[in-house]
Amino acid sequence: MTPAQAAAALLQAMPQPPSLAQLEEYGLTASASTAQAISREILSLNLYWIMAAIDAHIPMKYRDAIQETLLESIKTTWWASGQLGPGTWDSYLTELDERRVRYSRLVDQEGLSHMAVSAEAASQIENQGIIPSEDRDKLLVLMIDYAPAAEYGRLLEDVG
(Lines give C-alpha, C1' and ligand atoms only; values in the text may rest on other atoms or scores of the structure.)
Protein backbone atom coordinates (compact mmCIF):
# COMPACT_ATOMS: atom_id res chain seq x y z
CA MET A 1 0.00 0.00 0.00
CA THR A 2 1.39 3.40 -0.94
CA PRO A 3 1.18 6.42 1.37
CA ALA A 4 -1.62 7.83 -0.80
CA GLN A 5 -3.52 4.54 -0.60
CA ALA A 6 -3.01 4.40 3.17
CA ALA A 7 -4.35 7.97 3.53
CA ALA A 8 -7.35 7.10 1.34
CA ALA A 9 -8.07 3.98 3.41
CA LEU A 10 -7.91 6.00 6.63
CA LEU A 11 -10.24 8.65 5.24
CA GLN A 12 -12.64 5.91 4.15
CA ALA A 13 -12.55 4.36 7.64
CA MET A 14 -13.35 7.64 9.36
CA PRO A 15 -17.02 8.15 10.09
CA GLN A 16 -18.55 11.03 8.17
CA PRO A 17 -19.49 14.03 10.32
CA PRO A 18 -22.85 13.20 11.95
CA SER A 19 -25.98 14.76 10.51
CA LEU A 20 -28.67 16.38 12.62
CA ALA A 21 -30.76 13.22 12.23
CA GLN A 22 -27.89 11.03 13.43
CA LEU A 23 -27.39 13.27 16.46
CA GLU A 24 -31.09 12.93 17.23
CA GLU A 25 -30.70 9.13 17.13
CA TYR A 26 -28.33 9.57 20.07
CA GLY A 27 -30.88 11.76 21.85
CA LEU A 28 -29.03 14.98 21.08
CA THR A 29 -31.08 17.90 19.81
CA ALA A 30 -28.75 20.15 17.89
CA SER A 31 -28.69 23.16 15.62
CA ALA A 32 -26.52 23.22 12.52
CA SER A 33 -23.79 25.10 14.39
CA THR A 34 -23.93 22.62 17.29
CA ALA A 35 -23.60 19.72 14.84
CA GLN A 36 -20.58 21.42 13.26
CA ALA A 37 -18.90 21.91 16.64
CA ILE A 38 -19.52 18.28 17.60
CA SER A 39 -18.23 17.13 14.20
CA ARG A 40 -15.10 19.20 14.65
CA GLU A 41 -14.36 17.58 18.03
CA ILE A 42 -15.04 14.13 16.57
CA LEU A 43 -12.63 14.89 13.73
CA SER A 44 -9.93 15.98 16.19
CA LEU A 45 -10.40 12.83 18.25
CA ASN A 46 -10.23 10.64 15.15
CA LEU A 47 -7.14 12.41 13.88
CA TYR A 48 -5.45 11.90 17.25
CA TRP A 49 -6.06 8.15 17.02
CA ILE A 50 -5.06 8.05 13.36
CA MET A 51 -1.78 9.89 13.99
CA ALA A 52 -1.06 7.53 16.90
CA ALA A 53 -1.71 4.53 14.63
CA ILE A 54 0.53 6.00 11.94
CA ASP A 55 3.31 6.49 14.49
CA ALA A 56 2.87 2.92 15.73
CA HIS A 57 2.65 1.12 12.38
CA ILE A 58 4.30 3.16 9.66
CA PRO A 59 8.02 3.57 8.99
CA MET A 60 9.22 7.11 9.67
CA LYS A 61 9.94 7.87 6.00
CA TYR A 62 6.23 7.46 5.05
CA ARG A 63 4.50 9.11 8.02
CA ASP A 64 4.56 12.70 6.79
CA ALA A 65 3.28 11.75 3.34
CA ILE A 66 0.32 9.84 4.79
CA GLN A 67 -0.55 12.59 7.26
CA GLU A 68 -0.27 15.37 4.69
CA THR A 69 -2.37 13.50 2.14
CA LEU A 70 -5.02 12.68 4.73
CA LEU A 71 -5.21 16.26 6.02
CA GLU A 72 -5.40 17.63 2.49
CA SER A 73 -8.26 15.23 1.71
CA ILE A 74 -10.16 16.34 4.82
CA LYS A 75 -9.57 19.98 3.93
CA THR A 76 -10.90 19.59 0.38
CA THR A 77 -13.90 17.45 1.33
CA TRP A 78 -15.26 18.04 4.82
CA TRP A 79 -13.73 21.44 5.57
CA ALA A 80 -14.56 23.01 2.22
CA SER A 81 -18.17 21.84 2.51
CA GLY A 82 -18.61 23.73 5.80
CA GLN A 83 -19.39 20.59 7.81
CA LEU A 84 -16.84 21.46 10.48
CA GLY A 85 -17.86 24.99 11.36
CA PRO A 86 -16.40 28.43 10.91
CA GLY A 87 -12.79 29.53 10.92
CA THR A 88 -9.80 28.89 8.75
CA TRP A 89 -8.13 25.59 8.06
CA ASP A 90 -4.90 26.91 9.60
CA SER A 91 -6.69 27.86 12.82
CA TYR A 92 -8.19 24.37 12.92
CA LEU A 93 -4.73 22.80 12.54
CA THR A 94 -3.56 24.81 15.58
CA GLU A 95 -6.62 23.59 17.48
CA LEU A 96 -5.89 20.02 16.35
CA ASP A 97 -2.32 20.25 17.64
CA GLU A 98 -3.63 21.41 21.02
CA ARG A 99 -6.07 18.49 21.18
CA ARG A 100 -3.38 16.01 20.16
CA VAL A 101 -1.08 17.24 22.94
CA ARG A 102 -3.91 16.95 25.49
CA TYR A 103 -4.98 13.48 24.37
CA SER A 104 -1.39 12.29 24.14
CA ARG A 105 -0.75 13.38 27.71
CA LEU A 106 -3.83 11.48 28.86
CA VAL A 107 -2.79 8.29 27.08
CA ASP A 108 1.00 8.36 27.44
CA GLN A 109 1.44 9.92 30.86
CA GLU A 110 -1.78 9.02 32.64
CA GLY A 111 -2.43 5.70 30.89
CA LEU A 112 -6.06 6.48 30.13
CA SER A 113 -8.13 4.30 27.79
CA HIS A 114 -9.94 5.02 24.54
CA MET A 115 -13.15 5.56 26.52
CA ALA A 116 -11.48 8.01 28.88
CA VAL A 117 -10.08 10.03 25.98
CA SER A 118 -13.54 10.04 24.41
CA ALA A 119 -14.89 11.30 27.74
CA GLU A 120 -12.33 14.10 27.64
CA ALA A 121 -13.52 15.07 24.16
CA ALA A 122 -17.13 15.03 25.38
CA SER A 123 -16.13 17.21 28.33
CA GLN A 124 -14.52 19.66 25.94
CA ILE A 125 -17.83 20.00 24.08
CA GLU A 126 -19.79 20.35 27.32
CA ASN A 127 -17.34 22.91 28.75
CA GLN A 128 -17.78 25.06 25.66
CA GLY A 129 -21.53 25.11 26.32
CA ILE A 130 -22.27 23.30 23.07
CA ILE A 131 -24.48 20.74 24.78
CA PRO A 132 -26.20 20.83 28.18
CA SER A 133 -24.57 18.78 30.96
CA GLU A 134 -27.56 16.43 31.12
CA ASP A 135 -26.70 15.26 27.57
CA ARG A 136 -23.09 14.39 28.42
CA ASP A 137 -23.71 10.62 28.61
CA LYS A 138 -25.43 10.64 25.22
CA LEU A 139 -22.54 12.60 23.76
CA LEU A 140 -20.02 10.16 25.24
CA VAL A 141 -21.73 7.25 23.47
CA LEU A 142 -21.61 9.22 20.21
CA MET A 143 -17.90 10.01 20.70
CA ILE A 144 -17.06 6.35 21.32
CA ASP A 145 -19.08 5.21 18.30
CA TYR A 146 -17.62 7.88 16.00
CA ALA A 147 -13.95 7.39 16.93
CA PRO A 148 -13.05 3.77 16.08
CA ALA A 149 -9.46 3.92 17.37
CA ALA A 150 -8.69 0.20 17.04
CA GLU A 151 -9.82 0.19 13.40
CA TYR A 152 -7.04 2.59 12.39
CA GLY A 153 -4.31 0.41 13.81
CA ARG A 154 -5.71 -2.68 12.09
CA LEU A 155 -5.84 -0.81 8.79
CA LEU A 156 -2.19 0.16 9.01
CA GLU A 157 -0.72 -3.10 10.33
CA ASP A 158 0.03 -4.37 6.83
CA VAL A 159 1.35 -1.10 5.46
CA GLY A 160 4.68 -1.00 7.28
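Start by selecting residues 32-57, helix α3, together with residues 149-156, helix α8: the two pack with their axes 9 Å apart, at an angle of about 30 degrees. The model on screen is a predicted one. Angles under 35 degrees count as roughly parallel, and α3 and α8 are therefore roughly parallel to each other. Look along the pair for the sense of the crossing, which is right-handed for α3 and α8.

Next, show the side chains at this contact. On the α3 side, select Asn46, Trp49, Ile50, Ala53, Ile54 and His57. Their partners in α8 are Ala149, Tyr152, Gly153 and Leu156. Colour the selection by class: the contact of α3 with α8 has seven nonpolar residues, three polar ones and no charged ones.

Now clear the view and move to a second pair. Select helix α5, residues 89-109, and helix α6, residues 114-127; here the packing angle is about 140 degrees and the axes lie 10 Å apart. That angle makes α5 oblique to α6. The crossing of α5 past α6 is right-handed.

To see what forms this contact, display Arg99, Arg102, Tyr103, Leu106 and Val107 from α5. Coloured by class, the contact of α5 with α6 shows five nonpolar residues, one polar residue and three charged residues.

Finally, display both pairs at once. The α3 and α8 contact includes no charged residues, whereas the α5 and α6 contact includes three.

Note on methods. Residues numbered from 1 in each chain as written. Predicted model: local features only at pLDDT ≥ 70, side-chain atom pairs only at ≥ 80, totals over all residues. Heavy atoms only, no water. Axes fitted to C-alpha atoms, helices over the stretch in contact; angles between N-to-C directions. Helix = DSSP H or I, 4+ residues; strand = E, 2+ residues; numbered from the N terminus. Parallel < 35°, antiparallel > 145°, perpendicular 65-115°, else oblique. Left-handed = near helix turned anticlockwise from the far one by under 90°. Contact = heavy atoms within 4.5 Å. Nonpolar A, V, L, I, M, F, W, Y, C, P; charged D, E, K, R; others polar.
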